[in-house]
Amino acid sequence: MTASVVLHTGAAAFCLFWAALVLAAGRGRIALALAAACGAGALWAVTVAFLPDWPLDGVSGAADVLRSAVWFAVLLVLYRRTGGAEVAPAMRRFAVAGLLLVLVGFAALLPGPTADLVLPTLGSPALLARLGLALVTVLLAENIYRNADEAARWHVNLPCIALGGLAAFDVLVCADAVLARAFSPPLLDARAVVMALAMPLLALAAVRDRRWRRQLPVSRAVVFHGATLVVGGVFLLGIGLAGEAVRHLGADWGRAVQISLLAAAALALLVAASSQSARSRLRRQIVDNFFTARHDYRREWLRTVATLSAADAEAPAALRTIRAIADPVDSPAGLLLLREETEGAPRFAWAQSWNCPDAPLALGAEHPLLPLLRDGTWIAELGEATPADLARAYGALWIAVPLLHHREGLAGIVLLAPPRAPFPLDGETFDLLRTLGREVAMFLAERRAAERLAESRKLAEYAKRFAFVAHDVKTVSHQLSLLLANAEDHMQDPEFQRDVLLTVRAATDRINTLIARLRQPEEEAAPARAEPAHRVAPAARLAALAAPRQSRVIVEPGDDPGLAAIGAEAFDAAVTHLINNAIDASPMHEPVRIALRRDGARIVIDIADRGPGMSPGFVRDVLFRPLGTSKAKGSGIGAWQARELLREAGGDLAVLTQPGEGTTMRLTLPRAEADAAAAPAAQEQVRRCA
């Protein structure tokens with residue numbers, strides 16, 4: 001394989017690489033045109049490498065004409081882009097001249113009368129066509145550069161230099177051939193080298209032009225780590241060369257100096273790798289020179305979501321708010337001021353600091369910082385203009401980012417310290433911070449709403465417990481009042497005296513339990529259990545003792561239904577309320593009947609009375625509505641509380657009633673034995689599925 005073949009093959013590969021990079025870095029017709037220029041050069045180099053015909057003849061000659069024609073067309077595209085309508089007449093003249101020369105160049109390759117006129121002389125149509133096309137290309141490149149204004153010239157100077165320079169080299173090759181009456185092999189091979197050196201200018205033109213380029217489809221993290229490795233490698237290479245030079249001096253201490261330099265270099269690299277400021281400066285240089293957008297919006301969005309949604313155990317919400325604003329601009333410190341409603345006008349009070357002094361400070365409505373924010377629509381650059389009170393409290397500050405909420409207005413302010421690697425603030429950074437400020441404001445508003453909802457639920461739960469306790473106290477008071485009324489007639493009865501002691505003791509225990517429940521919700525570490533067969537009869541007896549002496553409560557005999565999955569106190573409260581309601585509804589001398597039974601995995605308790613009954617509308621709309629009652633001194637809590645207690649235990653309360661036919665309150669509860677038996681079966685099923 002000759003040197004010419006190697007040179008042209010390498011030039012072809014080089015051109016194809018830059019063509020791919022141009023397509024990746026640019027967009028639109030300009031990128032396609034520049035990529036076509038690289039591709040035409042690659043096609044010509046491949047043709048010359050594998051079909052080394054005479055330069056003015058054969059396939060290589062056609063590839064040479066095609067390459068020059070494509071480069072000329074690319075310059076015409078740039079001319080039209082930068083000159084507009086003003087250069088249309090001149091562009092048409094260049095286009096006609098170029099087209100004629102291309103046609104002549106291709107015609108000279110056809111077999112016929114011109115087949116013998118391929119020697120490099122001024123009488124050769126092929127040579128004249130290529131020389132003329134090269135000269136026209138040089139003139140076109142010069143016209144584009146000269147007629148472009150200051151702004152457009154920065155976009156076209158590199159393509160003009162590359163393509164115009166290659167055309168000028170072709171003029172040199174043709175002129176030398178005319179003078180020597182033969183083509184110079186070194187000059188012909190040099191064309192491949194010069195072309196390979198010029199192609200990066202076309203790629204750089206596509207990358208550097210901010211109007212036409214787009215962001216390279218390369219991960220910023222990959223570019224950053226790659227650049228870090230390159231910088232580290234170059235640094236170590238330089239240290240190694242210095243150490244090698246010292247060693248070759250021949251001094252006795254040369255080897256020691258070499259080892260010391262390598263150790264110091266490794267230590268310096270470790271320090272630089274662990275330094276956030278050094279990493280930030282390197283990242284800033286890479287972003288500014290290799291990427292269109294300063295910020296990786298996908299990465300910033302994912303990082304913001306991860307920061308705001310982190311658990312409170314990792315960092316407080318206020319601290320995460322500061323980090324969500326500071327991290328995208330590489331700020332190492334900041335503080336959060338939140339809006340507080342006060343009499344007269346709102347103020348912004350210190351809420352959290354991050355790497356800043358914890359200095360409580362409040363900004364009133366007249367503070368000089370607030371006008372700079374323009375009602376939350378503007379990001380204020382502070383620097384030397386930082387208000388004196390903020391500078392004294394928190395040190396040097398860089399910018400103030402408003403947290404603007406669509407409903408609440410300016411909800412807060414995040415003040416940031418200068419970034420580790422300074423960079424100029426532009427519209428892109430302002431837009432990003434403004435968007436993040438709105439997102440953080442929504443996060444804070446939703447968090448405040450959730451906190452208020454939790455507080456409301458706690459208050460509602462406390463109010464519910466208070467209503468239950470108040471109703472139970474009322475029930476106990478009613479029982480004691482009836483007991484006192486009956487005592488006037490039956491105080492001499494020994495059995496009544498025992499019942500009085502039993503009722504008073506039960507009332508005392510019940511009141512103490514209610515006071516404890518009001519102070520703190522019930523927390524049962526062990527599973528709740530109650531024995532209905534052993535608790536229904538005492539509850540019925542106490543209710544009958546507190547009722548008029550003519551009232552009776554009959555517990556019908558039956559099998560023990562087993563344990564119910566409900567707390568004993570909750571069971572007693574629900575059953576007592578329903579028995580008292582049944583006694584109140586029953587006519588004089590009509591007993592209230594209670595029946596217990598087991599129904600599969602449930603325990604069923606029926607409390608039946610022979611009262612007037614209730615209509616379906618009353619049951620649906622009034623019976624279980626808090627504070628809804630038909631009794632003169634009722635509170636409307638008992639039936640609702642009983643159903644709530646049963647449902648919290650997994651049971652329910654059904655009402656079987658018809659007007660004039662009495663009422664049956666049917667309590668259903670899950671059996672504790674059924675729950676305990678179901679647990680091993682469920683665990684075995686899980687193990688089988690696993």
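This report describes helix packing, aromatic pairs and selected residues in a predicted model.

## Basis and overall make-up

The model is predicted, with local features needing pLDDT of at least 70 and side-chain atom pairs counting only at pLDDT 80 or more, while totals for chains, interfaces and linings use all residues. Residues are numbered from 1 along each chain as its sequence is written, and side-chain values use heavy atoms, with hydrogens and water left out.

The protein has 21 helices and 11 strands, where helices (H or I, at least four residues) and strands (E, at least two) are DSSP runs numbered from the N terminus. Of the 690 residues in the protein, 43% are buried; here buried means under 20% relative accessible area, exposed means over 50%, and partly exposed lies in between, with a 1.4 Å probe and protein chains only. Among contacts (heavy atoms within 4.5 Å) between residues at least 6 apart in sequence, 68% join residues at least 24 apart.

## Helices α4 and α5

Helix α4 (residues 88-107) packs with helix α5 (residues 125-147) at an angle of about 155°, and their axes are 8 Å apart. Axes are lines fitted to C-alpha atoms, for helices over the stretch in contact, and angles run from 0 to 180 degrees between N-to-C directions. The two helices α4 and α5 are therefore roughly antiparallel to each other, given that angles under 35 degrees count as roughly parallel, over 145 as roughly antiparallel, 65 to 115 as roughly perpendicular and the rest as oblique.

On the α4 side, the residues that meet α5 include Phe 94, Gly 98 and Leu 101, and their partners in α5 include Pro 125, Ala 129 and Gly 132. By class, the contact of α4 with α5 has 10 nonpolar, 4 polar and no charged residues; Ala, Val, Leu, Ile, Met, Phe, Trp, Tyr, Cys and Pro count as nonpolar, Asp, Glu, Lys and Arg as charged, and the others, Gly among them, as polar.

## Helices α11 and α12

Helix α11 (residues 297-308) and helix α12 (residues 317-326) pack with their axes 9 Å apart, at an angle of about 170°, and α11 and α12 are therefore roughly antiparallel to each other. Thr 304, Thr 307 and Leu 308 in α11 meet Arg 320, Thr 321, Arg 323 and Ala 324 in α12, a contact with 2 nonpolar, 3 polar and 2 charged residues.

## Aromatic pairs

The structure holds 3 aromatic pairs. Rings of Phe, Tyr and Trp (its six-membered ring) pair if their centres lie within 6.5 Å, and planes under 30 degrees apart count as stacked, over 60 as edge-to-face and the rest as tilted. The rings of Phe 17 and Trp 18 have centres 5.1 Å apart and planes at 70°, so this pair is edge-to-face. Phe 17 is partly exposed, with a relative accessible area of 47%, whereas Trp 18 is buried, at 15%.

Tyr 79 and Phe 94 also form an edge-to-face pair, with 6.4 Å centre to centre and 75° between the planes. This pair links distant parts of the chain, with Tyr 79 in helix α3 (residues 58-83) and Phe 94 in helix α4, 15 residues apart. Both Tyr 79 and Phe 94 are buried.

## Two further residues

Val 504, found in helix α16 (residues 494-519), counts as partly exposed at 38% relative accessibility. Asn 157, found in helix α6 (residues 150-180), counts as buried at 18% relative accessibility.
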